[in-house]
Amino acid sequence: MADHLHSEQTHRSGFSYLFSDKHHGGDRNAARWSLELSEAEEFSVFDNADLHDISDDRQYLYGVLRMGDVLRKLGTLKQQVAEFPHADEGQPWHGYPHYPLQEVGPPNRRGEKCRPEKIVFEIMERVGLLTKRHRKRLMKGDHA
Amino acid sequence: MTGIAAKVAVRALTLPADFHVSWAGPCPSWIAADVCLGSEEGRLFFSPGEGRLHPGDNRFLGSGEAVNGVAFLGNDRIAISSRSELSFMTVPRHPGETPLRAVFPAGAHGVIAAASGYFVAPLGPSGIMMYKPGSQQPHPLTVHRFDPALNLYRAISIVDKGAETLVFAARSEGIISVGALGDPTTKLDSHHCWESSDKSDIIDVCSLAPQTRSIAALNWDNEILLIRDVLSETERPAPFQFPGIAGTAYRILSMQGHLVVLTSRSLYVLEGLGHRFLEGHPVHREPTRVASFPMDAVDINPCGEGQFLVVLPEAVNMIDLGLLLGGPNGAKPSNGAPEREVDFVTARVPTASNDRLTQRSVPQYHEPVHQEPIHMPV
């Protein structure tokens, strides 16, 4: 898959979103989005993250995809939370499935980097993207 | 257990104000409390009362992360785990004694006390942490890593004929057993691994009976694997799937011959399944009574004979399993039991059966890494 931009921009900030080859199987050492997730669904995770400004102190955005009571698996390693690193103004954003890392991940996905701050989960619950049970389990490092 | 008289099936524990519980488990008698509770902010609370601890005692995680496991050793040692650190501390044995605290800055999925006197923590892909507090060994804390890495998620200790075996739920790598804990600061001795050709995602394990090497394991899709001897080189795990067990799998416990499964939707009790399996009954063909108690639970842990703790989003309940299920002849459950649905279900053997479950050697270790916990001021 070649890198390509989504046709829409985020509703709140007008951010562009890049579907990167790296996180769609182009780099075996990189986190990969699940093949079961459509591009529209991947963008919706980002759009909601921007809409609710679910960010940490690095201005990274974080998102989930909730279907009723179920948190969808976003990544090939059953990650349920996606991370979108901050992009400079005018540049497109991109993202990857991030947490909790429940299987043996590629070397660059292990350790400290796979741990969103607690505030991220608290915002997600406040805006209805997580239930309290989801939040409590994710904060312990468990799947929700 | 000291003083818990569970006359009702479900008893809500009283929590301190502003204590947002994340974990609950049993206490040893030397704490002089029944239940240990961990909070989202990394604090501990003991119930009833404060046990041997005092308000000023140093019992918290410096990271402020949610507690996901607590274990006790000897008569004064506590280990607390979270997704970012393991903290080890002493409880003062007499007034004026200075408590000690040390931190190992590695995230864990929990911590247990092994019979051999070690705290053991599954560190996910980072390996197994083993720490012998108070040891005179030059390297009391060792991390055992595998190559390729295994994702070690839950751990239990089982002891049979005096020999201890650690068993791990290792996600897509299956079930890992590490036996014969001689000197865990050197390479661990023997090990077995059960894995599934379809990379079945094992998320929890439990012992089926004390003084045996029999276990039950649970995968993400609520398939249950039963093994009489986890170290056997010939016995394949027996897989079972019960139609009607729905939701994302969270935990499995074995209590009084029953199996208790917690999912994102409900608590299920598979009545007598563990007992009948160990007795050699053809449990694939016999109907099993499955009692379902819909609840929105975060976690469960056993706590005393026939009782377990359920962490709910806003509360913690102590549940008496016998009273929950009702009398031996299916009598109505006692006062306080949640609504239940009961069905008689014959287990379905997954299409791929147990041919897909194969045994292999655990990948070889890297050399054990000896590390020092960071001693912290109290």
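In helix α1 of chain A, the residues A:Glu42, A:Val45, A:Phe46, A:Asp47, A:Asn48, A:Ala49 and A:Asp50 are buried. Buried here describes a residue with 20 or more other C-beta atoms within 10 Å of its own; 12 or fewer make a residue exposed, anything in between partly exposed, and the C-beta atoms are placed from the backbone. The model is a predicted one, in which local features need pLDDT of at least 70 and side-chain atom pairs count only at pLDDT 80 or more, while totals for chains, interfaces and linings use all residues. As for labels, residues are numbered from 1 along each chain as its sequence is written, and chains are lettered from A and ligands numbered from 1 in the order in which they are written.

**Helices of chain A**

Let us stay with α1(A) for a moment. The cover over its buried residues includes β3 (61-63) and β6 (81-84) of chain A. Helices (H or I, at least four residues) and strands (E, at least two) are DSSP runs, numbered from the N terminus. After α1(A) comes A:Asp53, with a positive phi near 50 degrees.

Further along, the axes of α2 (residues 118-126) and α3 (residues 132-139) of chain A come within 9 Å and cross at roughly 170 degrees. Axes are lines fitted to C-alpha atoms, for helices over the stretch in contact, with angles from 0 to 180 degrees between N-to-C directions. The two helices, α2(A) and α3(A), are therefore roughly antiparallel, the word for angles over 145 degrees. On the α2(A) side, A:Lys118, A:Phe121, A:Met124 and A:Glu125 meet A:Lys132, A:Arg135, A:Leu138 and A:Met139 of α3(A). These contact residues divide into 4 nonpolar, no polar and 4 charged.

**Chain B and its sheet**

Chain B has 2 helices and 31 strands, and 49% of its 378 residues count as buried. Four of the strands form an open antiparallel sheet in the order β1-β27-β26-β25, where pairing takes at least two DSSP bridges between two strands. Because β1 (10-12) and β25 (299-302) of chain B each have a single partner strand, they stand at the edges, with one side of each left without a neighbour in the sheet. Neighbouring strands are turned by 25 degrees against each other on average, direction ignored. Between β26 (residues 307-311) and β27 (residues 316-320) of chain B there are 5 bridges, and B:Val310 stands opposite B:Asn317 in β27(B).

| Residue | C-beta neighbours inside 10 Å | Class |
|---|---|---|
| B:Glu40 | 22 | buried |
| B:Gly62 | 16 | partly exposed |

B:Glu40 lies in the loop between β3 (35-39) and β4 (44-47) of chain B, and B:Gly62 in the loop between β4 and β5 (69-73) of chain B.

**Where the chains meet**

Leaving aside residues up to four places away in sequence, B:Glu40 touches A:Met139, B:His20, B:Ser22 and B:Ala66. Contact means that two C-beta atoms, placed from the backbone, lie within 7 Å. In total, 21 residues of chain B are in contact with 16 residues of chain A. The chain B side of this contact has 7 nonpolar, 10 polar and 4 charged residues. Ala, Val, Leu, Ile, Met, Phe, Trp, Tyr, Cys and Pro count as nonpolar, Asp, Glu, Lys and Arg as charged, and the others, Gly among them, as polar.

Terms used. Parallel < 35°, antiparallel > 145°, perpendicular 65-115°, else oblique.
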